[in-house]
Amino acid sequence: MSEVTIRHSGLQPTDLRLHEDMAHVCGAHVSGRVSSAETLAHTCHLPAPSLGRLSKLLGRHRLPVKRVKVSQQPAPRAASTAKSNRAVTSASGAPSLRELYPASKAIQTGNLTVEEIHTVHYQIYGNPDGQPALVVHGGPGAGCYANHARFFDPKHWKIVLVDQRGCGASRPLAHLPNNNMQALIDDYELLRKHLKIRKWLLFGGSWGVTLSLAYAQQQPNMISGMVLRGVCMMRPSEIEWMFGGGAGHLQPRGWRQFEGHIPAGERSDLVAAYHKRLTSADTAVRDAAAAAWLSWEYAVSSSRTSSLQFWSGSQWQQTEFPNPDKLRPSLPLTATPSTQAEAAPAAPTSQPQGSESGSNGGAADTSSRPEGGAQPASISGFTAQAMLECHYSHHGAFLKEPLLQGIDKIRQIPCIAVQGRLDYVCPVVTAYDLHCAWPEMELRVIPGAGHSMYDGAIKHELLDATDRLRKLPARKIRHVSRSTSPARYASI
C-alpha cells in the first residue's frame with residue numbers, strides 16, 4: 001500500500017472533480033486541499049495495482065504531464081482485517097472500521113440498445129450464479145466505477161453496474177431527449193430481462209435513492225431488498241436547498257461563485273438560468289456553466305473536511321489542522337485588490353449569444369439546444385454530468401407524484417438506509433421524512449459523516465448492510481403507527 005499525493009498547477013474549476021474521481025478509483029476517502037492560489041493537492045492510500053488506473057484517470061482529466069507531480073511513500077500501517085472482511089478489534093479494544101472487499105475484474109461487459117438512439121453500458125462482477133444486485137449510481141450522470149462492486153462480497157453477490165442514459169460509457173453522451181425517470185426505469189427492466197434475473201437488490205446513493213424508490217414502486221415484485229445512502233427524493237424543497245441558497249449558508253464562498261456566474265436579473269431561478277446555458281449550442285458557454293455547476297456541487301459535498309481554511313489578506317488558503325505557526329500571517333493583515341473579488345464576484349462570462357441579462361426571466365432558451373437531439377460536439381463526461389443534473393433538477397426529476405405517496409407499494413421490501421449526519425447535499429431531514437412514512441425501513445444516522453460513500457463510517461455501514469441483506473426474504477408487514485412528534489424528531 002502506498003500513499004500517493006498528486007499536485008497539479010494551472011487549476012481549472014473542473015479539475016476539482018478529480019478529487020471525487022480519485023475516491024472512486026482508490027476506493028477510499030481522499031483528502032484534498034488547495035495549497036496555493038492555483039495548485040491543488042490530493043492524497044490517498046492505494047495498492048500498487050491501482051496506480052495504473054490512476055494514470056488513466058489523470059488522462060481523462062486531460063492534465064498535461066508537466067502540470068502533474070505524483071509522489072509516493074509508504075502509507076501508515078492500518079489494522080489488518082479478517083478474511084471475511086468483517087470489522088476487527090483494535091489493540092485498544094475498540095472495533096475498527098471495515099474496508100472494501102478486494103478488487104476484481106468484470107466477469108461480463110456489454111452494451112444494451114434500449115432505444116433506437118440510446119445504448120446503456122453495463123458490467124457484471126462477482127459470482128455469476130450469485131444473488132443479483134444492481135448498483136444505481138448518483139448524479140444524475142455520475143456513472144458507475146469498478147469500486148462500486150467492492151461494497152459486496154464477490155463470493156455471494158452477482159453485482160451489476162450500469163451507466164444510466166447519457167453518461168459514463170453509455171451512448172450518446174449527454175443526450176437529453178427521451179432522458180427521463182420513466183426511461184431509466186424501463187432501461188433497468190430491459191436489462192434485468194436481458195440478463196435473465198428474476199429479482200435483484202437495489203444499491204442506490206443520493207440521486208440513486210430517488211431512482212431506486214421510483215423503480216421499486218413501479219416494480220416491487222422484482223426487488224429483493226434495498227440499501228440506500230444519502231437519502232434524496234428530489235422534492236422541490238431539496239432542489240431549493242441545494243440550488244436556491246440554503247446550502248449557501250454553509251458554503252458562502254462557493255455559493256457566491258455559483259450565483260455570480262449568472263447575471264443578477266436571472267438569479268431568481270438559478271436552475272433555469274443554468275439550464276439555458278448548459279443546453280446552449282455555444283460550447284464555451286456550456287462548458288463554463290458546467291464548470292461552475294460542478295464546482296458548487298464539489299464545495300457542498302466536500303464540506304466535511306479536517307482542513308483549516310484561513311484568509312491571508314490576499315487569498316484564501318487551506319492547510320492541515322492544527323495550523324503550523326509558520327503559516328500564520330502577520331497582523332494586521334494587508335488587504336490586496338483581490339479582497340474586492342471576494343466581496344463581489346466578477347461579472348459572469350457565460351452568456352448565451354443573442355440574449356440579454358435577465359431576458360425571459362431566466363427561461364430556457366430552447367432555440368440554442370442541439371437540434372434533433374444531436375450529440376453536442378467534443379463534450380466531456382464532466383460536462384455531461386452537469387447537463388444531466390441540471391436537466392433532472394429543472395424538470396423535478398420527471399416524477400409524476402411525490403415518492404412518499406408510494407411507500408405502501410414497497411413497505412414489505414427489506415431496506416437499510418445509511419445517512420451521514422453532516423451530509424449537506426442530502427440533509428438528514430430527508431432521511432427522517434422517509435423514515436416517518438416508512439418506519440419498517442431501518443435508518444442508520446452516522447455521526448460525523450458526510451455525503452461520500454467512501455467516508456470511513458459510511459463505507460463500514462454499507463458493507464454491513466449488503467452482508468445483512470443476503471437472501472433475506474420480504475416480510476409480512478403489520479401496521480406500524482407513524483410518529484412525527486417533536487420529541488422523536490429531536491432524537492434524529
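Trainee: Why is strand β10 (residues 223-231) largely enclosed by the rest of the structure?

Mentor: Buried means under 20% relative accessible area, exposed over 50%, and partly exposed in between, with a 1.4 Å probe and protein chains only. Eight of the nine residues of β10 are buried, so the strand is largely enclosed. Helices (H or I, at least four residues) and strands (E, at least two) are DSSP runs, numbered from the N terminus. This is a predicted model: local features need pLDDT of at least 70, side-chain atom pairs count only at pLDDT 80 or more, and totals for chains, interfaces and linings use all residues. Residues are numbered from 1 along each chain as its sequence is written, and side-chain values use heavy atoms, leaving out hydrogens and water.

Trainee: Which strands pair with β10?

Mentor: Two strands pair if DSSP finds at least two bridges between them. Strand β9 (residues 200-206) pairs with β10 in the parallel sense over seven bridges, with Gly205 opposite Arg229. Strand β13 (residues 415-420) is also parallel to β10, over four bridges; there, Cys415 is the bridge partner of Met226.

Trainee: Is helix α11 (residues 428-437) mostly covered or mostly uncovered?

Mentor: Mostly covered: eight of its 10 residues are buried, among them Tyr432 and His435.

Trainee: What is Thr383 in contact with, beyond its neighbours within four places in sequence?

Mentor: Contact means heavy atoms within 4.5 Å. Thr383, in helix α10 (residues 381-394), is in contact with Arg286, Asp287 and Ala290. Thr383 counts as buried because its relative accessibility is 4%.
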